Amino acid sequence: MSQPRPRARVGVLASGSGSNLQALLDHLDALGTGRAADVALVAANRPDAGALQRAAHRGIPAVTLGDPADGGAMLATLAAHGVDLVVLAGYLKLVPVEVTRRFHGRLLNVHPALLPAFGGAGMYGQRVHRAVLASGARISGATVHFVDDQYDRGPIVAQWPVPVFATDFPETLAARVLRVEHLLLPRAVQAVAAGHVTLAPDGSVVGAFSDGPADAAFTLPDDSSRAGDDIARALHALP
Ligand code: GRF
């Protein structure tokens, strides 16, 4: 009988309200004994980040980073809490290269667009959705990717489309994309923590993005699943 895989100890870095953190906490709880990870630390670059309150409410260690650019200090904080998987959940600072190197293949980020489009330095929050609307794109979405030493550049783990409606404002599109982020990020974290998805030495992402029976519960908000169906039909119709 093989030993059960020890649960990953996740360190979440956040800057904002922490809704992605909350989605991760709730999904791991819903997985029950099938959960492959526990959130062991929440760190924010701002003392007023809602993510810190959410962590404290759950009794999870919550720290404010002194200097987000200090990679040595960040590594020490992560090590002090036994973190072996780092998740950027609405984190707006560039992760120091010491950290991206030490956590190569163990550092995930969620971005509110379909990378590589609409990503990179300065592309966060409403700026992303404003750029999507200005481009005339009819589909946006959410991306979860491994993090390397440049903004929003690392190998992609998972994506899902979100329709852009003619009546959209940045705020309405942001809200629709955020609902999909809340579904995609927790499942990608579970898949990486469980070893179902890994980053190969050549930079390719290997493995099935499926957390088994819980996948059946991966029902998307209706407008997004419709977009997914439309895309599937359109691709099928291609010669
Ligand atoms: C949201 O704009 C989300 O799209 C991005 O980070 C922002 C805040 O997320 N990933 P959160 O509510 O703090 O998780």
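**Entry 1. Phenylalanine 118**

I began with phenylalanine 118, which is partly exposed at a relative accessible area of 25%. The model I am reading is a predicted one. I located phenylalanine 118 in the loop that runs between strand E5 (107-111) and H5. Its phi is positive, about 55 degrees, although the residue is not a glycine. I noted this angle because most residues other than glycine have a negative phi.

I then turned to proline 116, which is found in the loop between E5 and H5. The peptide bond leading from leucine 115 to proline 116 is cis, and I read its omega as near 10 degrees. For background, most peptide bonds are trans.

**Entry 2. Confidence and overall make-up**

The average pLDDT of the protein is 90, and 87% of the residues score at least 70. I marked residues 211-218 separately, as pLDDT stays under 50 there. For this stretch the model has 11 contacts beyond four places in sequence.

I counted seven helices and nine strands in the protein. Of its 239 residues, 48% count as buried. I recorded an accessible surface of about 11200 Å², with 58% of that area belonging to carbon and sulfur atoms. Among contacts between residues at least 6 apart in sequence, 66% join residues that are at least 24 apart.

**Entry 3. The ligand**

Which residues surround the ligand? I listed Gly16, Ser17, Gly18, Ser19, Asn20, Gly90, Val110, Pro112, Leu178 and Glu181.

I next looked at distances to oxygen atoms of the ligand. A polar side-chain atom of serine 19 lies 2.5 Å from an oxygen atom of the ligand. For glycine 18, I found a polar backbone atom at 2.8 Å from a ligand oxygen atom. Asparagine 20 likewise has a polar backbone atom 2.8 Å from an oxygen atom of the ligand. On its own the ligand has 370 Å² of accessible area, and the protein covers 83% of it.

**Entry 4. Helix H2**

Which residues of helix H2 (residues 50-57) are buried? I found Ala51, Leu52 and Ala55. They lie on the same side of H2, because they cover an arc of only 100 degrees around the axis. On the other side of H2, I noted Ala56 and His57 as exposed.

I then asked what covers the buried residues of H2. The cover includes strands E1 (8-14), E2 (37-44) and E3 (62-64), together with helix H1 (19-31). Glycine 59 follows H2, and its phi is positive, near 75 degrees.

**Entry 5. Aspartate 38**

I placed aspartate 38 in strand E2. Is aspartate 38 buried, partly exposed or exposed? Its relative accessibility is 25%, so aspartate 38 counts as partly exposed; the buried class requires a value under 20%. Leaving aside neighbours within four places in sequence, I found aspartate 38 in contact with Arg7, Ala8, Arg9 and Val10. I also looked up glycine 11, which is 27 residues away from aspartate 38 along the chain. The C-alpha atoms of these two residues are separated by 8.9 Å.

**Entry 6. Tyrosine 91**

Tyrosine 91 is found in the loop between strand E4 (85-88) and helix H4 (97-102). With 7% relative accessibility, tyrosine 91 counts as buried. What does tyrosine 91 touch beyond four places in sequence? I listed Leu13, Ala14, Ser15, Asn45, Leu65, Pro68 and Met74. Valine 12 is 79 residues from tyrosine 91 in sequence, and I noted a C-alpha to C-alpha separation of 8.9 Å.

**Entry 7. Histidine 129**

At 3% relative accessibility, histidine 129 counts as buried. Not counting residues up to four places away in sequence, histidine 129 touches Pro112, Pro170, Leu173, Ala174 and Val177. I noted that Pro112 is also one of the residues surrounding the ligand.

Conventions
Residues are numbered from 1 along each chain as its sequence is written. This is a predicted model: local features need pLDDT of at least 70, side-chain atom pairs count only at pLDDT 80 or more; totals for chains, interfaces and linings use all residues. Side-chain values use heavy atoms; hydrogens and water are left out. Buried means under 20% relative accessible area, exposed over 50%, partly exposed in between (1.4 Å probe, protein chains only). Helices (H or I, at least four residues) and strands (E, at least two) are DSSP runs, numbered from the N terminus. The arc is that of the directions from the helix axis to the C-beta atoms. Contact means heavy atoms within 4.5 Å. pLDDT is the predictor's confidence in each residue, from 0 to 100. A residue is near a molecule or strand if one of its heavy atoms lies within 4 Å of it. A polar contact is a pair of N or O atoms within 3.5 Å; within protein, one must be able to donate a hydrogen and the other to accept it, and residues adjacent in sequence count only if both atoms are side-chain atoms. Accessible areas come from the Shrake-Rupley method with a 1.4 Å probe; for residues, only the protein chains shown count as cover.
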